[in-house]
Amino acid sequence: MSNTEVLPLLEPDTAAPCCPPLTERPLTAEEAERTAAMFKALGDPVRLRLFSLIASHEGGEACVCDISDVGVSQPTVSHHLKKLKEAGLLTSERRGTWVYYRVEPSVVATMGQMLRTFG
């Protein structure tokens with residue numbers, strides 16, 4: 001029996017966008033809560049570095065074994081990865097004993113659209 005647990009990666013079209021561009025209309029309280037959680041998750045330097053390491057890794061996916069050297073202990077890395085997942089910025093998939101993380105492209109695209117400027 002295999003102990004492999006596969007967690008599905010979300011397809012870009014299946015993730016619900018968090019919010020409209022900030023210039024389109026005022027955010028609802030719920031939209032503001034979801035958006036703040038995403039930006040808060042990226043507000044920590046270690047999390048931002050982990051997010052960048054995963055996003056810039058070949059294929060936009062990285063094994064936890066490839067991203068553990070960020071100046072903090074492995075349990076702390078796991079804690080930060082969990083926070084990024086909870087904010088909807090990462091998805092993960094277990095393959096054997098390793099977990100692979102991928103940036104959630106639709107959420108990142110939505111965050112970028114929110115910040116687009118007038119013009």
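Predicted model: local features only at pLDDT ≥ 70, side-chain atom pairs only at ≥ 80, totals over all residues.

Me: At what angle do the axes of α2 and α3 cross?

Reply: Helix α2 (residues 45-56) and helix α3 (residues 74-86) have axes that come within 10 Å and cross at roughly 75°. Angles of 65 to 115 degrees count as roughly perpendicular, so that is the label for α2 and α3.

Me: Which residues in α2 and α3 meet?

Reply: A contact means heavy atoms within 4.5 Å. On the α2 side you'll find Val46, Arg47, Leu50, Phe51 and Ile54, and they meet Val77, His79, His80, Leu81, Lys83 and Leu84 of α3. Sorted by class, this contact of α2 with α3 has 7 nonpolar, 2 polar and 2 charged residues.

Me: On to the strands. What is the order of the strands in the sheet?

Reply: Strand numbers follow the chain from the N terminus, while the order in the sheet is β1-β3-β2. The sheet is open, has 3 strands and pairs them in the antiparallel sense. The twist from one strand to the next averages 25°.

Me: Which strands stand at the edges?

Reply: Those are β1 (61-63) and β2 (90-95). Each has a single partner strand, so one side of each lacks a neighbour in the sheet.

Me: How many bridges link β1 and β3?

Reply: Two strands pair if DSSP finds at least two bridges between them. Here, β1 and β3 (residues 98-103) have 3 bridges, in the antiparallel sense. For a spot to look at, find Cys63, which stands opposite Tyr100 in β3.

Me: Which strands do the helices touch when they pack on the sheet?

Reply: Helix α2 packs on the sheet by touching β1, β2 and β3, and its direction makes about 90° with that of β3. Helix α3 packs there too, touching β2 and β3, with its direction at about 120° to that of β2.

Me: Now zoom out. What is the run of elements from the N terminus on?

Reply: The elements go α-α-β-α-β-β-α, which comes to 4 helices and 3 strands. Of the 119 residues in the protein chain, 34% count as buried. Among contacts between residues at least 6 apart in sequence, 62% join residues at least 24 apart. The protein chain exposes about 7300 Å², with carbon and sulfur atoms supplying 57% of it.

Terms used
Residues numbered from 1 in each chain as written. Heavy atoms only, no water. Axes fitted to C-alpha atoms, helices over the stretch in contact; angles between N-to-C directions. Helix = DSSP H or I, 4+ residues; strand = E, 2+ residues; numbered from the N terminus. Parallel < 35°, antiparallel > 145°, perpendicular 65-115°, else oblique. Nonpolar A, V, L, I, M, F, W, Y, C, P; charged D, E, K, R; others polar. Buried < 20%, exposed > 50% of the residue type's maximum accessible area, 1.4 Å probe, protein only. Areas by Shrake-Rupley, 256 points an atom, 1.4 Å probe, with all protein chains shown as cover.
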